[in-house]
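Colleague: I would like to learn how to read contacts, salt bridges and helix packing in a model. Please take them one at a time.

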Amino acid sequence: MNITSLSATQSTDNRRVGDHHASLFAVIRDQLRDRILSGEFHPGDRLVEGKLATEMGVSRIPVREALRELASEGLVTIEPRRGASVSVLSPDIAYNMAEVRAALEGLNAKLAAQRRNQNGIEQLQQILDQGKAAVEREDLDLLQSLNREFHETLAGLSGNIVLTELMRSLRDRTALLFAPSNLQRVRQNWEDHAQILNAVINGNSDLANLLASQHVHNAAQAYQDMQASEATSQA
């Protein structure tokens, strides 16, 4: 084998190693994100690299990279000497994020109503039907996944890539804020989705805008009520 062939082989092998490494990192990141959003890890809980690495049967390096990625999403806070922990949103920051997300989700729904197509509507209707069935089964884990899928599909229907990327980033950062806290809130979430979809189907962009914005405000209010209730019970 000549030097050129050897170099090409080594280059291919390096790419393969990188691909595997990236996949492992992504799996760990997604698992940790799911565990945070499901409530297994609570705001303020420490996320110890060594413990997580042992538990997942991997080295500390991909765990460290996964935690850094989650920190960029706002789900994790990394501090010198203390390490990583699940982020805690202050009331002011939570309110500010809710305001911005409400405006963006409203614009997204408005554009979706204006640019709707049959394929996108059918996808949303299918997700909505799955969500309703999951509500009846009280399958909160599946509902969390379907909720994200509903908003991602609605964003795709809007046809605005910049808006989609902005909302995806903000949605990740506010995931803890909007994670459903009880079945009653979950039912309301999917009733909101049904109304938003109906407005999109009918091409009523102003109503879709209003309903999507209110959907965010309702979730934020539920979070504030829960925080107030917990504070009262601990007093």
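Modeller: Contact means heavy atoms within 4.5 Å. This is a predicted model, in which local features need pLDDT of at least 70 and side-chain atom pairs count only at pLDDT 80 or more, while totals for chains, interfaces and linings use all residues. Residues are numbered from 1 along each chain as its sequence is written, and side-chain values use heavy atoms, with hydrogens and water left out.

Colleague: Which residues is M56 in contact with, leaving aside its neighbours within four places in sequence?

Modeller: They are I28, Q31, L32 and R35. M56 itself sits in helix α2 (residues 49-56); helices are DSSP runs of H or I with at least four residues, numbered from the N terminus. Between M56 and I28 there are 8.1 Å in space, C-alpha to C-alpha, and the two are 28 residues apart in sequence.

Colleague: How many salt bridges does the count come to?

Modeller: A salt bridge is a side-chain nitrogen of Lys or Arg within 4 Å of a carboxyl oxygen of Asp or Glu, and by this rule there are 15. One of them joins E105 and R101, at 3.2 Å from N to O. Both residues lie in helix α4 (residues 91-114), four residues apart, about one turn of the helix.

Colleague: Are E105 and R101 buried or exposed?

Modeller: Buried means under 20% relative accessible area, exposed over 50%, and partly exposed in between, with a 1.4 Å probe and protein chains only. Both E105 and R101 are buried. E105 also forms a salt bridge with R171, at 3.3 Å from N to O. This pair links distant parts of the chain, since R171 is in helix α7 (residues 161-173) and E105 in helix α4, 66 residues apart. R171 is buried as well.

Colleague: Where do E152 and R168 lie?

Modeller: E152 lies in helix α6 (residues 140-158) and R168 in helix α7, so their pair ties together parts 16 residues apart in sequence. Their salt bridge has an N to O distance of 2.9 Å. E152 is partly exposed at 21% relative accessible area, and R168 is partly exposed at 28%. A network of salt bridges links R101, E105, E152, E165, R168 and R171.

Colleague: At what angle do α4 and α6 pack?

Modeller: Two packed helices are described by the angle between their axes and the distance between the axes. For α4 and α6 the angle is about 55° and the axes are 7 Å apart. The contact is made by E105, N108, A109, L111 and A112 of α4 and by H151, L154, A155, L157 and S158 of α6. Axes are lines fitted to C-alpha atoms, for helices over the stretch in contact, and angles run from 0 to 180 degrees between N-to-C directions.

Terms used: Helices (H or I, at least four residues) and strands (E, at least two) are DSSP runs, numbered from the N terminus.
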